[in-house]
Structure formats: C-alpha cells, structure tokens
Amino acid sequence: MDADIIVVGAGPTGLMLAAWLAELNIDAVIVDGKHEPTRESRALTLQARSLEIYEQLGLAKRVMGEVRVAEGARPGYERQTFNAVEFGAIGAGQTAYPRLYILEQSRNESILSDALRDHGHDVEWGTTFAGAETIDGGVAVRLVDDAGTERTITARYLVGADGASSAVREARGIAFEGTTSAQSFCVIDAIGVTGLDPDLVNIRASESDLLLTFPMEGERHARVLTLVTEDSDDPDAATDAVRDRIGTVFGVTWQSLSWFATYRVHHRVAERFRDGAVFLAGDAAHLHSPVGAQGMNTGLQDAHNLAFAFADVLKNGADDSILDRYEIERMPVAHHLIETTDRAFSFVTSRDIVPRTLRRIGPRLLGPIITRVVPRTWVGNRGFGYLGQLRVRYRMPGSVHAGGRRDDIVGRRLPWTGGNFETLRSLKWQVHEYGSVNPGVVSALERELGCEVHVFAAAPKTPLVAGEFYLVRPDGYVAARARASEAAGSFAAALPGRRTLEG
C-alpha cells in the first residue's frame, strides 16, 4: 500500500483527522480539490469538548491564544433583553474550558495545517477525488490534478471528509437521507454593530423572526444569523432589506459587512458511516441546523474518534472489525443532534399559531425568571454539558445493564477532576482509580494488562467511585469498570489486540 489512510477533504474535520494520524505516527495522505485553505470565517464556535481534544493534541495553548471567549449568553425578545446566563457559572467543575470559544473555521484550519506540517506532512492542494475501487486489503483511489493528470494511490482505508456534497459518499452510492427546510437563513459578518451586548452570544426571538449573534474579533464586530424573509435577486437590496428588518424588529443594526451568504438548512444523516474500507466524517456524514453551534465541533469529534479507532487496528493489533465502533458510536450522536436541532429550528421558524403564540408570550413572561433560576440548578449544569458535547454517550459493552438501565460512566467521557486529563497525553489505553488503593494491586494490574494504572485523589462529586478501577480509552472515553479482584480479567477482554500497549 502507498499509505495507511487517504483523507479526502481538508476542512476542519479532514485536517483534524490528518493531524491526529500524524501525531499517532500513522502514514496518511490528505488531498483537497481547492487550491488553498478556507479564507471565509464560515463555522465560528468551539465547544468545551473540542478544546479538550485540542489540549490532548498539544495545541490548546495556541488555540486559547487566538480565541475570543464568549462569557455567556443574553436572551431576549424583540428589543427587550433578559439577564445574562454566564457559561462559567454553569460549566465550572465539568471541564477546564467552561465557556464558549469563538474561533472561525479558517483559523482552526490554519492551526491544524501548521500541526500537520510540524510532523512533516502537508495537504495536496488542487487534487480532486475521481473514484475508488476496492482491492485486496484496501482501496485504490484515483486522483486528478489541475493539469488533468490522473494517478492511483492505494491505501488500507479511505475517509471522505469532503463536505455536504461529498464525492466520496456519492461514489459509494451511500444515501444522504433527511430533509431541507423551506425557510432560508442568512449569515452576516457585520462591522460597527449596535443594539447588542458586544461580549456575549445574543439570542432573540419574535413572533415570526429569530436573531442569533456571536462576538467576533474587533470592536463591535459580530456574526449575525437570521431568517431570510425578503425576496430579491439583487444581493445589495437583500442585505439592505435584512438590515432594515433587524433594525426595526430587534433594534440591531450595523455600518458595513465583510460577508453575507444565504442558505437552506439541511437535516441529513448518511445511511452508513462505514462502507468496507471507506468511511465518512463531518458534513459528508451529517448536516443539521446552526441552532446550538454544534456543526464544526461534531466533525472535529468524528475525526478524534476515528483516528484512535485506526490506531487500535494499525498500531495496537486489534482486528479490523474494531473500526465498526466508529459508526456504532458516532451515528447515534448525529441522529440525536439532528433530532434536537431540528425540533428547536422547527419551533423558532414555524408559522403555526401555537408556536407563534408561545414565542410571543413565553419569553416575556418566563424569560426573566428562567435566566435567574436555571443557571443555579442541575438543569443549567446538564444544559452546558449537552451544549459543550461533554455528555455524549457511546453504547459499549457494559454501558447498559440488565433491564435496560444505563451505566452512569461506561461509554461516557471520563469525568474531569482537575488533573486527570494530563495522562491522556500519553495517547495510550490506561487504567484509573480514584481514592486510596494498595500499591501492590496497582503493580499487579500493570503487569497483567501491560498498560499504566494511574491513581488519583477521590472524586466524590463525580460518578467515579473509590475502590473501583476504570479502563480509559486513548480518546478519553471509559470503556469498562471493575473492582480490583475483577479488573484484570474484565479489562483484558476490552483491550485491543490483547497486547502490551507501548505506542
């Protein structure tokens, strides 16, 4: 084979995957039909879980040096605004990154491209995917350069991270099922904005309209998302009409703009994420509304999950079938995201009498109360967990008990306790214990399993129980739990390839 993996698409998902493969010392080629990285801001927000992934990759310091931190959100109705909901207050204790972070897609791509080059790799720009055939042991991929010259390279696996119109998905005949909203949205990068809280996410509704804004770098610079109700073929007339409407309804206006684009909202999931040696990730696998700012983050986490699945097969000796877990784990995340964002989008855009009445009355009656009460309750805490994608749950062996009861930690991201994520930089399978334990038990477990056992202080405010051991995957998800007497046998069955994991 010419490479272990070929990645088609050098957007955030493809670059995150390529950067992780390089970090894991897996031979990969990444190509893109464009001639350079994205210049437009496009996707804008990073959630807490994505920052944790950047930290594990060793890039958090640079990312945090470039982000703009959104300290909270200020909801409202038309021109009326309510109490701000501070992300730090509801996210504290769950993660080292308890806020919302503004870093446009182009800058995410730049950071990941630099990380790739640091490993001696780069994107093959101006290289278009032309087709793929399954061969013994892998896949043969046809690529065409700008001069029309075609070449074929072979690899164990192919990943389509080439966006909503994925050529890889189309070539494999994988259906992209779902719906497209009849309502159009527009996205505006506005300069000289007035009528907003400039440092917070602003969320406002009216009986028939919606305004969502994010702070961007620069004074009074904001990303504005709103519905398109105007019908005009003239772009200048359309932008002026949107500004006039937003000014009238919400009291928000701007002096100029650097980007204006309209689009229909899609809610789609590919019928499968794996097709033999071919995988789909990011927008090639799922599309949803911008409600909740989840899109780019979900793609980054697809890449993170898939990279470590590849490592288990290519580096740790696991059977190829272990790669089935990517679809098993990530497809339900995509479907759940579609369902939740679709419901939210449908509610804020519906013209039916009941939603319109609720949008008119509900915020003004309940808004001031909810914004004061909810952040101080477990509802706000859990809400941040879902928003930050910290509560993503995978179905794993042992994650569901007899009778259908879910385990409170197996299949979940390892709870953050303040310092326990530092060990994940080893990029290895490992065992954790929280509380006092006999050193002899730790040594014996390390010998039997061939991986490190880390002992931390007790964590009483988490599901981590003193006296129990937890098998933690390199991607930070808990794969199994057991008492000391059962840990060796239980964990051995879950380890990939049942071999010593030394890189």
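## Overall make-up

The protein contains 13 helices and 24 strands, where helices (H or I, at least four residues) and strands (E, at least two) are DSSP runs numbered from the N terminus. This is a predicted model, in which local features need pLDDT of at least 70, side-chain atom pairs count only at pLDDT 80 or more, and totals for chains, interfaces and linings use all residues. Residues are numbered from 1 along each chain as its sequence is written, and side-chain values use heavy atoms, with hydrogens and water left out.

The mean pLDDT (the predictor's confidence in each residue, from 0 to 100) is 88, and 88% of the residues reach 70 or more. Over residues 499-503 the pLDDT is below 50, yet in the model this stretch has 15 contacts beyond near neighbours in sequence; a contact means heavy atoms within 4.5 Å.

## Burial and surface

Of the 503 residues, 53% count as buried. Buried means under 20% relative accessible area, exposed over 50%, and partly exposed in between (1.4 Å probe, protein chains only). The protein exposes about 21,000 Å², and carbon and sulfur atoms supply 50% of that area. Accessible areas come from the Shrake-Rupley method with a 1.4 Å probe; for residues, only the protein chains shown count as cover.

Among contacts with a separation of 6 or more, 69% are between residues 24 or more positions apart.

## Strand S12 and its partners

Two strands pair if DSSP finds at least two bridges between them. Strand S12 (residues 150-160) runs parallel to strand S1 (residues 3-8), joined by five bridges; Val7 has Val159 in S12 as its bridge partner. S12 also runs parallel to strand S19 (residues 278-280), with three bridges, and Gly160 is partnered there by Leu280.

Strand S11 (residues 138-144) pairs with S12 in the antiparallel sense over six bridges, with Ile153 in S12 as the bridge partner of Val141. S11 and S12 form a hairpin with five residues between them, and Gly148 in the turn has a positive phi of about 85°.

## The four-stranded sheet

An open sheet of four strands has the order S22-S21-S23-S24, with mixed pairing. S22 and strand S24 (478-483) stand at the edges with a single partner strand each, so one side of each has no neighbour in the sheet. From one strand to the next the twist averages 25°. Within this sheet, S21 and S23 run antiparallel and are joined by four bridges; Glu433 stands opposite Phe469 in S23.

Helix H13 packs on the sheet, touching S21, S23 and S24, and its direction makes about 150° with that of S24. Axes are lines fitted to C-alpha atoms, for helices over the stretch in contact, and angles run from 0 to 180 degrees between N-to-C directions.

## Helix H12

Helix H12 (residues 439-449) has Val442, Leu445 and Leu449 as its buried residues. These cover an arc of only 65° around the axis, which puts them on the same side of H12; the arc is that of the directions from the helix axis to the C-beta atoms. An α-helix has 3.6 residues a turn, so residues three or four places apart point the same way. The exposed residues Pro439 and Arg447 are on the face turned away from the buried side of H12.

H12 lies across S21, S22 and S23, running at about 150° to S22. The cover over the buried residues of H12 includes strand S21 (430-434), strand S22 (453-456), strand S23 (468-472) and helix H13 (484-494). Just after H12, Gly450 takes a positive phi of about 75°.
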